[in-house]
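Here are some notes to read alongside the structure. Each point takes up one part of the fold.

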Amino acid sequence: MTSFDTSPTLTVWRALLAVAVVFVMLATTGWSAVRDQQADGPRELALAAWARDRIAGHALPEADAPAYRLAHFFATLTSGQQFALADKYPSVVGNLNGVPVTLRYHANRVALGQAVAVEKTRAHDERLSPDGRDEARARLDRFRSLLKGDRQILAFDPSGKGRAAEVFGDLDRAARVSVVVPGVDTNLLTLERSKRRYAAPVGMAESLYGAERSASPGTRTAVIAWADYTAPAGLGMDAALGGLAAEGAVRLNAMVGALPGTSKVSLFCHSYGSVVCGVAAHRAPGRVADIAVAGSPGMRAASAGQLETGARIWATRDGDDWIGDVPHMEFGGIGHGADPVDPAFGARIVSAAGAAGHSGYFEPGTESLDNFAAIGVGAYGSVSCASADSTCHSGISGERDG
């Protein structure tokens, strides 16, 4: 007897259901594509001035030049010249791949200080609506938070809903670097949270950094909370399509390729972030050793082999995660393909015991976090496999294979 679960009728029904869901999304939420990517005045002016400027008699390199070219240019400058450019063009220097990371941290502190001044004014601007002033106050609070202590802000762009990246640990000395790639509704205001702390990118990365240090105190590690792409706003059409993931993948690979040193890199991709990582996989720099996805709607591939990467592919999902009820399929460009925790996909399936729901994978005390930490430091023998894949760490030569 043919199983209903595998019948062609069910396949067609699922496809039609997916299309129906999309039309409901359109009717209720509209096309939610982020239109905030329009040129931000001050940043565009800074880029234009940068393009015309010179230092020590030499023209400045194009802001979109390859990272190796930017690295070479900054290596020819004195420390004073580097900091002079960072102070003059903080919104440019703070976001250039290839620039020394400590200089980027400095530039972004300057840029944050300028953003604080802007939002202070906006928060009291009577020409804005009450909602506009409330948003200004929320942004002001976020920017002040990012300026506290010695936080290492690797990227900062306040235009639109905003993008940012923060580093935990010493990127220059790290032997292993982990990158947390978050999903839907990621922007400057959701970068960190006081409630549900470990559901936000900064909390995820900070939790992973602590777990990695506990798992292998002797390993020089760093973790990046990478919210430096435009994520879908809500569960509208952008979340069902791959356009923003494609744009994010380009940015992700550029950042990873420009990291200092020769560190091995692991990507930890949550929800829509796993779509970004799936699209990035086939062009990911060779230093990417592992790609781990959690609560994934799909990686825009039918199998791990279709990702065309030498990186190991890991996947996990908690039993209470609602994403498991979403049809894992692709139809006319809608949807993100096969379920990465389906054994047929071919990923290494690891335990998420204790993760509780869609946003609990980085909670301290969960097996998902412990597994991510083991992957991040290369302690593959310590990974706890899911019951569906009791041999998830087989075929890896050496406890710290890299």
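**Notes on the predicted model**

1. Start with helix H12 (residues 367–377), which is mostly covered: nine of its 11 residues are buried. Buried means under 20% relative accessible area, exposed over 50%, and partly exposed in between, with a 1.4 Å probe and protein chains only. Helices (H or I, at least four residues) and strands (E, at least two) are DSSP runs, numbered from the N terminus. The buried residues of H12 are Ser 368, Leu 369, Asn 371, Phe 372, Ala 373, Ala 374, Ile 375, Gly 376 and Val 377. They pack against S5, H8, S7, S8 and strand S9 (312–316). Gly 378 follows H12, and its phi is positive, near 80 degrees.

2. A word on the basis of these notes. This is a predicted model, where local features need pLDDT of at least 70 and side-chain atom pairs count only at pLDDT 80 or more, while totals for chains, interfaces and linings use all residues. Residues are numbered from 1 along each chain as its sequence is written, and side-chain values use heavy atoms, with hydrogens and water left out.

3. In what order do the eight strands of the open sheet run? The order is S3-S4-S6-S5-S7-S8-S9-S10, and the pairing is mixed. Two strands pair if DSSP finds at least two bridges between them. Strand S3 (152–157) and strand S10 (348–349) are the edge strands, each pairing on one side only. Helix H10 (residues 243–257) packs on the sheet and touches S3, S4, S5, S6, S7 and S8. The direction of H10 makes about 155 degrees with that of S6. Axes are lines fitted to C-alpha atoms, for helices over the stretch in contact, and angles run from 0 to 180 degrees between N-to-C directions.

4. Look next at strand S6 (residues 221–227). It is mostly covered, with seven of its seven residues buried. Thr 221, Val 223, Ala 225 and Ala 227 point one way from S6. Ala 222, Ile 224 and Trp 226 point the other way, and all are buried. In a regular strand the side chains alternate between the two faces of the sheet.

5. Which strands pair with S6, and in which sense? Strand S4 (residues 163–169) runs antiparallel to S6, and six bridges join them. In that pairing, Phe 168 stands opposite Val 223 in S6. Strand S5 (residues 176–181) pairs with S6 in the parallel sense over five bridges. There, Val 179 stands opposite Ile 224 in S6.

6. Now follow the sheet to strands S7, S8, S9 and S10. Strand S7 (residues 264–270) and strand S8 (residues 288–294) are parallel partners over six bridges. Val 265 stands opposite Val 288 in S8. S8 also pairs with S9 in the parallel sense, over five bridges. Ile 313 in S9 is the bridge partner of Ile 291. Two bridges join S9 to S10, which run parallel. Ala 315 stands opposite Ile 349 in S10.

7. S9 is mostly covered: five of its five residues are buried. Arg 312, Trp 314 and Thr 316 lie on one side, Ile 313 and Ala 315 on the other. Both faces of S9 are covered.

8. Check two loop residues for backbone phi. Most residues other than glycine have a negative phi. Asp 185 has a positive phi, near 65 degrees. It lies in the loop between S5 and helix H8 (201–215). At 37% relative accessibility, Asp 185 counts as partly exposed. Ser 271 also has a positive phi, about 55 degrees. Its loop runs between S7 and helix H11 (272–280). Is Ser 271 buried or exposed? Ser 271 is buried, with a relative accessible area of 9%.

9. Last, a helix pair. The axes of helix H4 (residues 79–88) and helix H6 (residues 101–123) come within 8 Å and cross at roughly 30 degrees. Gln 82, Phe 83, Ala 86 and Asp 87 in H4 meet Leu 103, His 106, Ala 107 and Val 110 in H6. Contact means heavy atoms within 4.5 Å.
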